[in-house]
Amino acid sequence: MTKINLKALSREALPAYIKSLGLPAFRAKQLAHWIYERRAEDIVELSEYSRELRDRLAEQAYISNLKMLDRLVSVDGTEKYLWELQDGETIESVLIRDDDRLTLCISSQVGCALKCAFCLTGTLGLKRNLESHEIADQVISAARLVAPKTITNIVLMGMGEPLMNFDNVVEALWSMTDWMHISPRRITLSTAGIVPKILELTKRAPIVNLAISLNATTNSVRDRVMPINRTYPLKDLLAACRAFPLPPRRRITFEYVLLKDVNDTPEDAKRLDELLRGIPAKVNLIPFNPFPGAPFGRPEEHRVLAFQERLAGKYMTVLVRKSKGQDVLAACGQLKAARG
Ligand code: SAH
């Protein structure tokens with residue numbers, strides 16, 4: 001008999017499973033509490049269950065855990081984790097420290113199918129989607145490591161395109177909000193722009209923050225650096241952003257990776273401003289993080305600042321994302337790529 005992975009049970013399946021054992025509903029609540037808040041790694045830890053009940057459960061069920069293969073700590077406090085999944089595949093998460101904030105950047109797929117020209121994960125191709133519990137477990141496992149501190153923010157900006165693994169990402173988001181009690185305001189989903197899924201997200205998932213990896217201001221450049229633009233061009237992407245039912249005082253984040261001489265000109269800054277007009281937006285400028293064999297360069301600091309200044313004042317924030325953890329290979333996919 002194959003054992004049931006309790007962590008893989010959805011919000012509907014977990015209570016149904018407990019019921020199928022002839023147990024009262026409160027046992028399901030306790031189980032979710034132990035897995036998602038107490039972060040139990042094994043059924044034996046479930047001290048609210050009697051020894052007898054634990055033994056009975058352990059005969060047919062277990063709790064899966066990510067296995068940590070590597071933990072790299074940067075001088076600036078950024079940490080990078082390489083996790084092994086049950087089938088031997090590996091994924092990364094990154095923990096970023098900013099004053100009181102602890103942001104965990106998590107992966108949604110093993111590899112990625114989108115082949116963005118500036119992204120190292122793209123060179124790996126898509127291996128497989130992550131199961132919802134493999135997505136959520138990155139949060140549980142990292143939370144265990146940073147305790148007694150708590151992770152304050154979650155960003156789905158690691159390996160993979162979250163909206164290409166829609167159902168599992170949605171389920172993982174619900175387990176973060178409903179089971180781990182993380183506010184959806186503190187969760188950000190970043191997408192390369194899978195237009196139909198952006199709107200579906202608002203109907204199916206908790207209202208998390210949306211980040212769009214824009215990265216170009218013309219279709220010709222975006223087609224080149226992000227091939228998904230050929231399917232969902234800028235006009236459709238921005239229309240979806242305009243239709244996104246943003247809660248009051250919230251804005252959509254636009255990420256813009258600055259690629260030297262490709263999308264970092266004054267004309268780009270002007271076009272970017274025009275494209276975003278009418279959208280409650282903040283802009284996150286990310287100087288390209290080079291990797292061996294990359295076909296792009298990183299613009300000099302003065303060009304980054306000039307680009308930022310052209311936009312400043314129009315958006316409440318134009319952030320230049322600091323490249324954190326350079327010494328532990330910060331660009332996503334770099335740890336996995338280095339391990340093969
Ligand atoms: N697929 C999702 C999430 C993963 S990429 C998305 O496209 O948003 C997360 C962010 O990292 C994106 O904004 C992407 O543009 C950026 N990124 C990827 N490779 C990079 C690199 N080499 N240097 C700087 N930013 C990069």
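Contact, as used in this report, means heavy atoms within 4.5 Å. The structure is a predicted model, in which local features need pLDDT of at least 70 and side-chain atom pairs count only at pLDDT 80 or more, while totals for chains, interfaces and linings use all residues. Residues are numbered from 1 along each chain as its sequence is written, and side-chain values use heavy atoms, with hydrogens and water left out.

**Domains and core**

The chain is divided into domain 1 (4-62) and domain 2 (67-339), with bounds that come from an automatic or database domain assignment. The centres of the two domains, taken over C-alpha atoms, are separated by 34 Å. Across the boundary, 15 residues of domain 1 are in contact with 14 residues of domain 2.

A nonpolar core is a set of buried Ala, Val, Leu, Ile, Met, Phe, Trp, Tyr and Cys residues joined through side-chain atoms within 4.5 Å. Buried means under 20% relative accessible area, exposed over 50%, and partly exposed in between (1.4 Å probe, protein chains only). The largest nonpolar core has 102 residues, and those with the most contacts inside it are Leu 6, Phe 118, Ile 154, Met 176 and Phe 254. Because domain 1 (4-62) and domain 2 (67-339) both give residues to this core, it lies between them.

**Cavities and a pocket**

On a 1 Å grid over the protein atoms alone, a cavity is a set of points where a 1.4 Å probe fits but cannot get out; a pocket is an open set with protein on both sides within 12 Å along at least five of seven lines, and lining residues have an atom within 4 Å of a point. Grid points are joined across faces, edges and corners, and a volume is the space filled by probe spheres set on the points. There are three cavities of 30 Å³ or more.

In the table, Ala, Val, Leu, Ile, Met, Phe, Trp, Tyr, Cys and Pro count as nonpolar, Asp, Glu, Lys and Arg as charged, and the others, Gly among them, as polar.

| Space | Volume | Lining by class |
|---|---|---|
| Largest cavity | about 70 Å³ | five nonpolar, four polar, two charged residues |
| Second largest cavity | about 60 Å³ | two nonpolar, four polar, three charged residues |
| Second largest pocket | about 270 Å³ | nine nonpolar, three polar, three charged residues |

The lining of the largest cavity includes Lys 7, Tyr 36, His 133, Glu 171 and Trp 179. Helix H5 (132-146) and helix H6 (166-179) are the elements that give two or more residues to this lining. Both domains contribute to the lining, so the largest cavity lies between them. Residues lining the second largest cavity include Asn 65, Glu 84, His 133 and Asp 137, and H5 supplies the largest share, three residues. The second largest pocket is lined by 15 residues, of which Arg 39, Thr 150, Ile 151, Met 180 and Ile 182 lie nearest its centre. H5 gives the most to this pocket lining, with four residues.

**Two individual residues**

Ser 108 lies in the loop between strand E6 (101-105) and strand E7 (109-111), and counts as buried because its relative accessibility is 1%. Lys 235 is placed in helix H9 (residues 234-243) and counts as exposed, at 68% relative accessibility. Helices (H or I, at least four residues) and strands (E, at least two) are DSSP runs, numbered from the N terminus.
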